[in-house]
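Hi,

Here is the structure I promised to pass on. Please have a look, and then read on for what turned up.

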Amino acid sequence: MEKICIDGAKMLLRSRYFPCEFKTFASHKYTAIIGLGGNIGNTARIFDRFLNLILKDRRFAIMQSSPMLVNKAFGYASRDYINAVIILKTSLYAKEILRIMHCFEARFKRTREFKNSPRTLDLDILYFSAKSYNNDILTLPHPGASSRPSVFIPLGLMKGV
């Protein structure tokens with residue numbers, strides 16, 4: 001078997017909820033792919049705590065989560081990042097999801113000191129039901145989502161994606 005090296009990618013981690021397939025039978029209208037990232041604190045535990053909270057939120061039905069990827073920070077040199085993705089179903093519009101994700105970030109004490117600054121929890125809408133947006137509030141698909149190893153490696157390891 002040939003080993004494939006992708007710049008910046010270091011290793012995969014597993015936890016209680018990452019990776020995981022969830023048996024949900026929600027009839028929500030839209031599918032969203034959310035990227036998770038962080039490098040302050042115990043990121044794997046923060047991801048598990050976030051997923052535990054969102055699993056209890058009836059506005060969302062979590063379908064599956066990826067393994068966590070440890071990778072070099074980009075943009076601003078700091079501690080390695082951990083990234084993962086989740087696929088969820090919802091009946092909310094993308095702007096509503098963005099607002100809710102910002103509330104989750106605040107709950108985990110996310111601060112926005114400067115672009116690409118270290119963070120406890122970063123939640124990005126990567127894709128939303130094959131729709132495109134480009135305005136001051138939201139750009140979808142997320143810029144760089146298809147070219148960043150922190151997205152395409154975890155996403156590529158998910159079943160049926």
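β3 and β6 run antiparallel and are joined by 9 bridges, where two strands count as paired if DSSP finds at least two bridges between them. G37 stands opposite N83 of β6 in this pairing. Before going further, a word on the source: this is a predicted model, in which local features need pLDDT of at least 70 and side-chain atom pairs count only at pLDDT 80 or more, while totals for chains, interfaces and linings use all residues. Residues are numbered from 1 along each chain as its sequence is written, and side-chain values use heavy atoms, with hydrogens and water left out.

Strand β4 (residues 60–65) is antiparallel to β6 and joined to it by 5 bridges, with Q64 having I87 as its bridge partner. Strand β5 (residues 68–71) also pairs with β6 in the antiparallel sense, over 3 bridges, and there V70 stands opposite I82. β6 itself is mostly covered, with 9 of its 10 residues buried (buried means under 20% relative accessible area, exposed over 50%, and partly exposed in between, with a 1.4 Å probe and protein chains only).

Along the sequence the pattern reads β-β-β-α-β-β-β-α-β-β-β-α. The radius of gyration is 15 Å, which agrees with the value near 15 Å that a compact globule of 161 residues would have (it is taken over C-alpha atoms, and the globule rule is 2.2 Å times the number of residues to the power 0.38). Buried residues account for 45% of the 161 in the protein chain.

Next, the largest pocket. It holds about 800 Å³ of space and is lined by 34 residues. A pocket here is an open set of points on a 1 Å grid over the protein atoms alone, where a 1.4 Å probe fits, with protein on both sides within 12 Å along at least five of seven lines; lining residues have an atom within 4 Å of a point. Grid points are joined across faces, edges and corners, and the volume is the space filled by probe spheres set on the points. β3, β6, α2, β7 and α3 each supply at least two lining residues, and β7 gives the most, with 5. R119, D122, D124, H142 and R148 lie nearest the centre of the pocket.

The structure holds 4 salt bridges. In another of them, D80 meets K10 at 2.9 Å between the closest N and O atoms. D80 lies in the loop between β5 and β6 and K10 in strand β1, so this pair ties together parts 70 residues apart in sequence. D80 is partly exposed, at 31% relative accessible area.

K159 forms a salt bridge with E21, the closest N and O atoms being 3.2 Å apart. Since K159 sits in the segment after α3 and E21 in strand β2, the pair ties together parts that are 138 residues apart in sequence. K159 counts as exposed at 58% relative accessibility, and E21 as partly exposed at 49%.

Best wishes

Definitions and conventions. Helix = DSSP H or I, 4+ residues; strand = E, 2+ residues; numbered from the N terminus. Salt bridge = Lys/Arg side-chain N within 4 Å of Asp/Glu carboxyl O.
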